[in-house]
Amino acid sequence: MDQIHLMQVFVAVGEQESFVGASRRLDLSPASVTRAIGGLEALLGVRLLRRTTRNVRLTEVGRRYLSDSREILASIAEANEVAAGGNTALKGELSVTAPAGYGRLFIMPCIVEFLKRYPEVEVSGHFLDRIVNLVDEGIDVAVRIGHLPDSSAKGLRVGQVRRVLCASPEYLARHGVPRVPGDLQRHTIVATAGVAQSVEWKFGGAGNRTAVRIKPRLTVTNNEEAIEAVLAGLGICRLMCYQVGAALAAGQLKIILAEHEEAPLPVHILHRESNFGSPKVRHFIDLLATSLRTHPYMNHAG
């Protein structure tokens with residue numbers, strides 16, 4: 001049997017953890033799926049799956065082979081796309097990830113525009129506040145905020161963002177404008193979840209670092225709730241500049257202690273080195289990079 005077909009069936013079974021689920025996904029009979037997995041295990045001479053009456057689980061070898069199979073199948077699809085070149089319209093699946101709030105504000109508009117331009121493309125967006133492994137989770141394009149560790153992914157820098165302190169003009173008129181970080185201890189602080197009752201905020205760059213321990217009066221579960229409280233004049237919050245871009249532009253919030261901010265964080269678009277030859281990946285990155293570099297709520301790298 002064609003080994004590429006066997007690998008496609010195995011990937012479907014491994015991802016679904018079900019022979020029946022894989023048969024539905026591939027529009028094959030359950031018997032065909034069973035034969036394909038048996039043929040692949042016989043070809044390799046190893047057990048890839050553990051089967052019980054209730055479920056299907058990957059063996060250790062199976063987990064490694066699943067990751068390798070995804071890469072091989074993706075490379076084949078990309079090679080076909082490159083060979084077809086401009087003779088065919090862009091089509092196929094594209095997976096994108098970004099931090100949750102950033103994805104909603106910046107990435108979703110680009111995905112919508114991309115889908116309008118290329119009707120035969122399907123996109124899955126994974127907007128999560130955790131680091132997603134591009135290879136293990138089958139992601140084509142990722143947007144990361146912060147300095148990149150060494151990795152197999154290739155990064156295209158598209159700008160930088162700042163972590164800013166902000167408050168409403170009403171609050172500042174009533175309570176005064178902090179002049180130095182230590183003044184924050186005398187102000188009402190709004191913080192987001194994930195911080196303790198007492199939180200330490202750091203200021204300044206290398207060689208000029210200052211830390212101030214602050215006890216928030218209000219701690220909320222997400223940034224949107226914190227922004228609402230600050231817009232209502234409750235106190236001061238620390239957020240990413242893009243999260244309050246609209247409120248700053250409208251004069252509803254003001255940045256304070258800007259001269260004491262930490263260094264800006266770079267923003268990169270990442271892709272797996274092997275998939276940048278794919279026309280759909282390349283076209284999406286071009287669209288995304290242009291959008292991010294020109295967005296009014298981003299601070300851009302020089």
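**Cavity, pockets, cysteines and a helix**

Analyst: Let us begin with the largest cavity, which is lined by R163, V164, L165, F203, R238, L257, H260 and E261. Please keep in mind that this is a predicted model.

User: What makes this a cavity, and how many cavities of 30 Å³ or more are found in the whole structure?

Analyst: The space is called a cavity because a 1.4 Å probe fits there but cannot get out. A search of the whole structure finds one cavity of 30 Å³ or more, and the volume of the largest cavity is about 30 Å³. Strand β7, residues 163-167, contributes the most to the lining of this cavity, namely three residues. Sorted by class, the lining of the largest cavity holds four nonpolar residues, one polar residue and three charged residues.

User: Which residues lie nearest the centre of the largest pocket, and what volume does that pocket have?

Analyst: The largest pocket has a volume of about 1100 Å³, and among its 44 lining residues P99, D129, I131, I145 and R163 lie nearest the centre. Several elements give two or more residues to this lining, including β3 (91-98), α5 (100-117) and β12 (236-240). The largest share, four residues, comes from β12. By class, the lining of the largest pocket has 25 nonpolar, 11 polar and eight charged residues.

User: Which element gives the largest share of the lining of the second largest pocket?

Analyst: That element is α4, which supplies nine residues. The second largest pocket has a volume of about 940 Å³, and it is lined by 33 residues, with R70, L73, A74, A77 and E93 nearest its centre. In this lining, 12 residues are nonpolar, eight are polar and 13 are charged.

User: How do you know how many disulfides there are, and why is C237 not counted in one?

Analyst: A disulfide is a covalent bond between the sulfur atoms of two cysteines. To be counted, the two sulfur atoms must be within 2.5 Å. The sulfur of C237 is 6.2 Å from the closest cysteine sulfur, that of C166, and this is too far for a bond. For C241 the closest cysteine sulfur is also in C166, at 10 Å, which is again too far for a bond. By this rule, the count is zero disulfides.

User: Why is C237 called buried?

Analyst: The word is used for a relative accessible area under 20%. C237 has a relative accessible area of 1%, so C237 is buried. The value for C241 is 5%, so C241 is buried. G245, which is found in helix α8 (residues 245-249), has a relative accessible area of 7% and is therefore buried.

User: What puts the buried residues of α3 on the same side of the helix?

Analyst: The buried residues in α3 are V33, A36, I37, L40 and E41. They cover an arc of only 130 degrees around the axis, and therefore they lie on the same side of α3. On the other side of α3, the residues R35, A42 and L43 are exposed. Just after α3 comes G45, which takes a positive phi of about 75 degrees.

How values were computed. Residues numbered from 1 in each chain as written. Predicted model: local features only at pLDDT ≥ 70, side-chain atom pairs only at ≥ 80, totals over all residues. Heavy atoms only, no water. 1 Å grid on protein atoms, 1.4 Å probe; cavity = no way out; pocket = protein on both sides within 12 Å on 5 of 7 lines; lining within 4 Å. Points joined across faces, edges and corners; volume = space filled by probe spheres on them. Nonpolar A, V, L, I, M, F, W, Y, C, P; charged D, E, K, R; others polar. Buried < 20%, exposed > 50% of the residue type's maximum accessible area, 1.4 Å probe, protein only. Arc of directions from axis to C-beta.
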